[in-house]
Structure formats: structure tokens, C-alpha cells
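Colleague: I am new to reading models like this one. Could we go through the terms together and set each value against its cut-off?

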Amino acid sequence: MAPPSAPPPTAPATTAADARSARSGVLAGAGAYVLWGLFPFYFHALLPTGALELLAQRVVWSLALSVLLLTALRRWPAVLRVLRTPAQLRLLAVAAVAIAVNWGVYGLAVTTGHVLEASLGYFVNPLVTVLLGVLVLRERLRRTQWVAVGVGTAAVVVITADLGRLPWMALALAVSFGTYGLLKNRLARSGAGVDPLTGLTVETGVLVLPALAALTWIGTTGRSTFTAGGTDHAVLTVLSGPATLAPLLLFALAAGRVPLTTIGLLQYSTPVLQFLAALVLGETMPASRWAGFALVWTALALLTADAVRAQRRRPVPAARRWGRPRR
């Protein structure tokens, strides 16, 4: 059957609904990345909590809130399906280790005054994701992508020379989050259909026993800050659960409503805000390090421009092409 020469009567309503959905998706994505970008201020407010205690508390309270939400939404069957599927459970268990490394290193960066290095990690993350696609998924890079990776590598060399050491926190954050994303991508490609709340519940469930063991050890050695810091500190610690879940759920909402290129552009707001937060918190930025960051930003500009060009070259799906008024 030939495509209609004009949109059906319902097309304007559909277009309006799509526009509203896209706007809400962009707002949700922006909200997620802004919240992640403000984490340095939140974790800084939790001082003198150390990185290990922060990680353990975050796991425990995230799981507690997830359990409450699953119960309220009657979503436990989804969790049980994952637990009965060994392949999905294995992927989520490995993802749990990756995100635990990410959370732990990020907490260490904030509590030791290395937020600039943490922001570098999330600036470098898109480049690491591209490399993981080559090394693990056997994807082929376009010329501009290779140039971006080369510039990013040069940036790491410049920053290493400036610091006098390898920026291991930044690289650990980039690799751990890139690995986490890769594992989630493989889970999605398997057709598993594991929603973010179910996935996070299983992941924190995998981590909860080590987290409780760590909190017990910290408490017995007299280094726990949960009760010693007073009521305000305890409340802030408990709020690490909502602080973890809220941006994740906002991101999931955005991912289903806006193109990946839009998500790719929005993601840079997180390291930009972290970078600004580091300066507000009093970290110094020598001229030599500005050079390294400038190289990273150049690499990201190349990567983004390439992604936008690739998106524009893709054919528009027939349903979208025919279901909207022609201009």
C-alpha cells in the first residue's frame, strides 16, 4: 500500500503528544544530570564520613528505598524473574561490582578534595565508552572518532605530567562507569527488559552484605559518623538512598523519550557542574591543567560533532516521516 499523501486526522494530536513527551524527556534528562553534577556538594556536606562508609551507607539506603518502592508498586515479580534467570543475574552481579567501584572512587575523590579529577573522569567517560565498543563489541570507529580518542589520550598524558602521577581516580571512574553502561547495554540487547528500579534493587542486593559488614567493622573501630554526627548528619546519610534513585529514574524516563544524541549532549552537564563545584569548594586549577582539560573538551567536541552528523545521516523511520505534516 502506498503511503498516504497527507497525515491522517489524528496526526496533529500525535505530533503534539510527541512534542510534550520529548519536552518532558529533556527536562527529566537535564534533571538527572544536574543532580549528578551537584553530588560533590552533597557528599561534601556528609564529611567527615569516609569513602568506605559513604559507599556502604549509599548501598544500604538505596536498597531500603528500592524495597519500599517495589512493594508500593507491586513490582516484586520482576525481581523474582531476574533472580530465576542466571544469565541476567550474572550480568547484574558484575554490574553491581562496576557501580560499587564507581561509587567508591567517586566518594574517595570528593572526601579527599579531588573533585576536579572526578570531573575529568566523567569528561573522559564518552571516549572510554567508544574504546570499549571497539575492544569488546568489535565496533569500527569513524575517522573523527579516532582523532577524538587520540586527542583524549594526549590530554591524559598532559594531565599526568601536571599531576606527577597517573590520574587514576579519573580513569577508574571512566572505566567503571563505561563498563557499567556496557553491561546494561548487553542486558537490554538480550531482550531481558529489566527496568532501572528492578536492576538497581538486584545490584544493591548483591552489595548489601559486604556493605553491612563494612559498616559493622567501621562501627566496632569507633569510626562511624552515622550517629556521632548528630541528627542532621544521620538524616543526610539516609537521604543518600533517594539521592541515588532519583537521578537514575529521571534518566530512565529521558532515555525512552529523547534521541541518544540529545542524551549525549545532556551528559556533559554533569562533569561541567562537577568542575564548577570543585572550584567553589576551593580546589586549584594551574595553567598546565587547564591545557589538559582543554584537550579533553576538544576531543568531546569532535566526538559530539561526529555523533550529530551520524544521526542526521540516518534515514527517518517511515512512521515518523509519514505521520507528521510536511513543511
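Modeller: Start with the salt bridge: a side-chain nitrogen of Lys or Arg within 4 Å of a carboxyl oxygen of Asp or Glu. The structure holds six of them. This is a predicted model, where local features need pLDDT of at least 70 and side-chain atom pairs count only at pLDDT 80 or more, while totals for chains, interfaces and linings use all residues. Residues are numbered from 1 along each chain as its sequence is written, and side-chain values use heavy atoms, with hydrogens and water left out.

Colleague: Why is the pair R75 and D195 called a salt bridge?

Modeller: The closest N and O atoms of R75 and D195 are 2.8 Å apart. The cut-off is 4 Å, so the pair counts as a salt bridge.

Colleague: What does the R75 and D195 pair tie together?

Modeller: R75 lies in the loop between helix 3 (51-73) and helix 4 (76-83). D195 lies in the loop between helix 8 (168-189) and helix 9 (196-220). The pair therefore ties together parts that are 120 residues apart in sequence. Helices here are DSSP runs of H or I with at least four residues, strands are runs of E with at least two, and both are numbered from the N terminus.

Colleague: What makes D162 and R289 a salt bridge?

Modeller: Their N to O distance is 2.7 Å. That is within 4 Å, so the name applies. D162 sits in helix 7 (residues 143-163) and R289 in helix 14 (residues 287-313), 127 residues apart. R289 has a relative accessible area of 17%, so R289 counts as buried.

Colleague: And why is E203 with K184 called a salt bridge?

Modeller: The closest N and O atoms are 3.1 Å apart, which is within 4 Å, so E203 and K184 qualify. E203 is in helix 9 and K184 in helix 8, 19 residues apart. E203 has 1% relative accessible area, so E203 is buried. K184 has 24%, so K184 is partly exposed. Salt bridges that share partners also join R142, D306 and R309 into one network.

Colleague: What makes the buried residues of helix 7 lie on the same side?

Modeller: The buried residues include Q145, A148, V149, G152 and I159. An α-helix has 3.6 residues a turn, so residues three or four places apart point the same way. The face turned away from the buried side carries the exposed residues R143, V157 and A161. Just after helix 7, G164 takes a positive phi of about 80°.

Colleague: Why is S62 called buried?

Modeller: S62, in helix 3, has a relative accessible area of 0%, which is under 20%, so S62 is buried. Leaving aside neighbours within four places in sequence, S62 is in contact (heavy atoms within 4.5 Å) with T204, S240, G241, T244 and L245.

Colleague: How do you know that V124 is buried?

Modeller: V124 is in helix 6 (residues 115-135). Its relative accessible area is 8%, under the 20% limit, so V124 is buried. V124 touches A174 and V296, not counting residues up to four places away in sequence.

Colleague: What is the secondary structure of the whole protein chain?

Modeller: The chain comes to 15 helices and zero strands. Of its 327 residues, 41% count as buried.

Methods
Buried < 20%, exposed > 50% of the residue type's maximum accessible area, 1.4 Å probe, protein only.
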